[in-house]
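Welcome! Let us take a friendly walk through this structure, one stretch at a time.

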Amino acid sequence: MSPRPPLPPFTQETAVHKARLAEDGWNTREPEKVALAYTVDSRWRNRAEFINGREQIVAFLTRKWHRELDYRLIKELWAFTGNRIAVRFAYEYHDDSGSWFRAYGNENWEFDAEGLMYARHASINDLPIKEAERKFHWPIGRRPDDHAGLSDLGL
């Protein structure tokens, strides 16, 4: 694998950039593309599910984005040190019955020297919302640079 900058040890600027790259990747909703940001033997805890390796990451994300429709995500740096980054995030989606949700969570990430994530620990809670309560209104894909972040939205 070729390096995936920015590489650790992280600075404020590179940690913010790494979080935005992760957000951008997840907003593609392309499991195979997203999985390339993780080591081949990456280990995740996502809610109560344990995922090991890229193959399981792809399967997990495929299932996720078949259930979570019109998914839009914002990540915000919380803290960093050395090869670790902590982010908080929120995403909005609806299910196949048209019910909308906003999921709130925190992730702790650990990276190898090549900038690939080898550990991801996510804690997430879903809140049912009305469609009129949505805050993420950009077209599917990358969040525009001028769209408010979590803090600006009061989240």
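Five residues separate strand 4 from strand 5 in their hairpin, and glycine 98 there has a positive phi near 90°. Helices (H or I, at least four residues) and strands (E, at least two) are DSSP runs, numbered from the N terminus. Everything here comes from a predicted model, in which local features need pLDDT of at least 70, side-chain atom pairs count only at pLDDT 80 or more, and totals for chains, interfaces and linings use all residues. Residues are numbered from 1 along each chain as its sequence is written, and side-chain values use heavy atoms, with hydrogens and water left out.

Strand 4 pairs with strand 5 (residues 100–111) in the antiparallel sense, over eleven bridges; two strands pair if DSSP finds at least two bridges between them. Here glutamate 92 stands opposite arginine 102. Strand 4 is also joined to strand 3 (residues 69–81), again antiparallel, by ten bridges. Phenylalanine 89 is the bridge partner of lysine 75. In the hairpin of strands 3 and 4, with two residues between the strands, glycine 82 takes a positive phi near 50°.

Why is strand 4 largely enclosed by the rest of the structure? Ten of its eleven residues (84–94) are buried, meaning under 20% relative accessible area, with exposed over 50% and partly exposed in between (1.4 Å probe, protein chains only).

Now look at arginine 47, in the loop between strand 1 (38–46) and strand 2 (49–52). Although not a glycine, arginine 47 has a positive phi of about 60°, and it is partly exposed at 30% relative accessibility.
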